[in-house]
Amino acid sequence: MTMTDPIADLLTRIRNATMVRHDRTDVPASKMKLEVAKILKQEGFIRTFKLIEEGPQGIIRIYLKYADDGEPAIHGLQRVSRPGLRVYRGVGDLPKVRSGLGVAVVSTNRGVLTDEQARGLRVGGEILCEIW
């Protein structure tokens, strides 16, 4: 079975795992998902992740992060650009998620970056998702 939107699948798996307070979740590996996981880790939304070489594709195991009271670090995930409606923005139009409390993940010609990194490099691109 082919998947039409792998990034939406990644976000849904993370959202579902945090709703039931799982410690980790597994997603099929791809280069784009790996880059999104790196951004999630660098921004402090997940504890860590690891690439498991299993089968033809591999698996990314994402370890979710919770506060001491059990509150998840990720309060919301939203897919912005999708296969049926791609959303591209220039550097001046990059969104500020929740007035800077969240992060927009942007696919640029310099790689997958956060909205702040893209502004710093003065590049725009495709807005993949927003996380807060």
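The secondary structure of the chain consists of three helices and eight strands, where helices (H or I, at least four residues) and strands (E, at least two) are DSSP runs numbered from the N terminus. Along the sequence, these elements follow the pattern α-β-α-β-β-β-β-β-β-α-β. The model is a predicted one, in which local features need pLDDT of at least 70 and side-chain atom pairs count only at pLDDT 80 or more, while totals for chains, interfaces and linings use all residues. Residues are numbered from 1 along each chain as its sequence is written, and side-chain values use heavy atoms, with hydrogens and water left out.

Of the 132 residues, 43% count as buried; here buried means under 20% relative accessible area, exposed means over 50%, and partly exposed lies in between (1.4 Å probe, protein chains only). Contacts (heavy atoms within 4.5 Å) also show how the chain folds back on itself: among those between residues at least 6 apart in sequence, 60% join residues at least 24 apart.

Now to the charged side chains. The structure holds ten salt bridges, each defined as a side-chain nitrogen of Lys or Arg within 4 Å of a carboxyl oxygen of Asp or Glu. One of them pairs Arg61 with Asp26, with the closest N and O atoms 2.8 Å apart. This pair links distant parts of the chain, since Arg61 sits in strand β3 (residues 59-64) and Asp26 in strand β1 (residues 24-28), 35 residues apart. Asp26 is partly exposed, at a relative accessible area of 25%.

A second salt bridge joins Glu126 and Arg86 (3.0 Å, N to O). Glu126 belongs to strand β8 (residues 125-131) and Arg86 to the loop between β4 (77-79) and β5 (88-89), so the pair ties together parts that are 40 residues apart in sequence. Glu126 is buried, at 11% relative accessible area, whereas Arg86 is partly exposed, at 42%.

Lys96 and Glu116 meet in another salt bridge (3.2 Å, N to O). Lys96 lies in the loop between β5 and β6 (103-108), and Glu116 in helix α3 (residues 115-121), 20 residues apart. Salt bridges that share partners join Lys96, Asp115, Glu116 and Arg119 into one network.
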